[in-house]
Amino acid sequence: MNTNLDFLIWGEHNGFLRQISAAYFGAEHPRFPDKVDLSAEQRIKKLRDGRRWPAWDNLCSDAEFLERFRTFIRSLFADPTGHATRWGFKEIRYGQNAQDHTLRLMFDCFPETRLIILVREPTPTIFSMLSHWAFANQRQGNIHLEELDQRILWAADLWNSQYLHLHSLSQAYAANCLAIHYEELLIPRTYQKLAKFLRTSLFDYLNHIVRVRDASNKTDATAVLIRRRMEFLQGPIAQATCHARAVYGYTTPADLHLRSTAG
C-alpha cells in the first residue's frame with residue numbers, strides 16, 4: 001500500500017493498542033466521563049466550589065475523553081512529515097478474542113477507518129506461525145512431538161477464532177471492511193477492488209513484490225518436522241478450522257468428503 005504516496009502504512013507493533021483500548025473502555029462508568037459539555041474553566045470552578053461534593057468531577061466530558069485518545073493514537077501513526085494524507089498499520093494481533101476492543105476503538109475514534117482483513121488459508125498460516133515465530137530459535141528439529149502437536153492444534157484454534165471474530169466485526173461495520181484472500185494478491189483485480197474500497201488510485205504492488213525476499217526458512221530440520229506433523233494432523237486441523245473456512249469461502253472437510261465420495 002505504501003507504493004501509493006498518499007498512504008503511510010506502518011508495520012506490526014506487538015499489539016500495544018490492546019492496552020490503550022482496554023484503558024479507554026475500562027474507564028467507562030455511569031459517572032465518568034460525564035455527559036455535561038463544560039469548558040475547562042467551568043470544570044475547575046466546579047472543583048473549587050466548597051458548597052458541593054466534587055468526588056466525581058473530572059477533566060472532560062465523554063466526547064472530550066474520546067478526543068484525547070484520538071489525538072494520542074494519531075500522534076503515533078500519522079505521517080510526521082505531513083506528506084501522506086492517509087495513515088494506518090498492519091497488525092496480526094488484533095481481533096483474536098471478544099475481549100480485544102482495539103478495532104472497536106479505532107472505529108469510535110476514526111469513523112472513516114477502513115479495515116482490510118487479509119485472510120490466508122490456515123495450513124500455511126499455521127506453518128508460518130510455528131516455523132517463523134514459535135520455534136524460530138530451534139532450527140535442528142529438536143522439538144518434542146507432543147509439544148509441537150499441541151502448538152499446531154492451538155494455532156489452528158486461534159486461526160479459526162480470530163477470523164470468526166474479525167468476520168463478526170466486519171458485519172457490524174460492513175461498509176468499512178473488506179476481506180481479501182492472501183492467495184489472490186497476485187491477481188490484478190484484487191488491487192482494483194482495493195483501490196475502489198479505499199477510494200484511491202491503483203497500487204503498484206505487483207511491480208514491487210518480485211523484489212521482496214522471503215525471509216522465512218522453509219527447508220531446515222525444524223521446518224520439515226513441522227510440515228510432517230501438520231500432515232499427520234491434517235484431519236484435526238481441518239476440523240478445528242472448518243467454521244472460519246466456510247465463512248471465508250475456503251474448502252471445508254465436508255467439501256473434501258463429498259469430492260472423494262464423488263470420485
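Let me start with the salt bridges: a search of the whole structure, which is a predicted model, finds 13 of them. As a reminder, side chains of opposite charge can pair when their charged atoms come close.

Take Lys35 and Asp62, whose side chains meet in a salt bridge with a distance of 3.7 Å from N to O. Lys35 lies in the loop between α1 (17-26) and α2 (40-47), while Asp62 belongs to helix α3 (residues 62-77), so this pair ties together parts that are 27 residues apart in sequence. If you look at how open these two residues are, Lys35 counts as exposed, at 63% relative accessibility, and Asp62 is partly exposed, with a relative accessible area of 32%.

A second salt bridge joins the side chains of Arg51 and Asp49, at 3.1 Å from N to O. Here Arg51 is exposed, with a relative accessible area of 77%, whereas Asp49, at 21%, counts as partly exposed, given that buried means under 20%.

Salt bridges can also be joined up, and in this model Glu12, Lys90, Glu91 and Arg93 are linked in a network of them.

Now, what about a salt bridge between Asp149 and Arg229? Their side chains meet at 2.7 Å, N to O, and the pair links distant parts of the chain, with Asp149 in helix α6 and Arg229 in helix α9, 80 residues apart. Both partners count as buried, because the relative accessibility is 15% for Asp149 and 12% for Arg229.

That brings us to helix α9 itself, which runs over residues 221-232, has twelve residues and reaches 17 Å from its first C-alpha to its last, close to the 16 Å expected at 1.5 Å a residue. At the start of α9, a side-chain oxygen of Asp220 reaches to within 3.2 Å of the backbone nitrogen of Thr222.

Which residues of α9 are buried? They are Thr222, Ala223, Leu225, Ile226, Arg229 and Met230. These residues cover an arc of only 165 degrees around the axis, which means that they sit on the same side of α9. And what do the buried residues of α9 pack against? Their neighbours are α5 (122-134), α6 (145-172) and α10 (234-240), and you will remember α6 as the helix that holds Asp149, the salt-bridge partner of Arg229. On the face of α9 turned away from its buried side, by contrast, we find the exposed residues Glu231 and Phe232.

Note on methods: Residues are numbered from 1 along each chain as its sequence is written. This is a predicted model: local features need pLDDT of at least 70, side-chain atom pairs count only at pLDDT 80 or more; totals for chains, interfaces and linings use all residues. Side-chain values use heavy atoms; hydrogens and water are left out. Helices (H or I, at least four residues) and strands (E, at least two) are DSSP runs, numbered from the N terminus. The expected span of a helix is 1.5 Å times one less than its number of residues. Buried means under 20% relative accessible area, exposed over 50%, partly exposed in between (1.4 Å probe, protein chains only). The arc is that of the directions from the helix axis to the C-beta atoms. Contact means heavy atoms within 4.5 Å. A polar contact is a pair of N or O atoms within 3.5 Å; within protein, one must be able to donate a hydrogen and the other to accept it, and residues adjacent in sequence count only if both atoms are side-chain atoms. A salt bridge is a side-chain nitrogen of Lys or Arg within 4 Å of a carboxyl oxygen of Asp or Glu.
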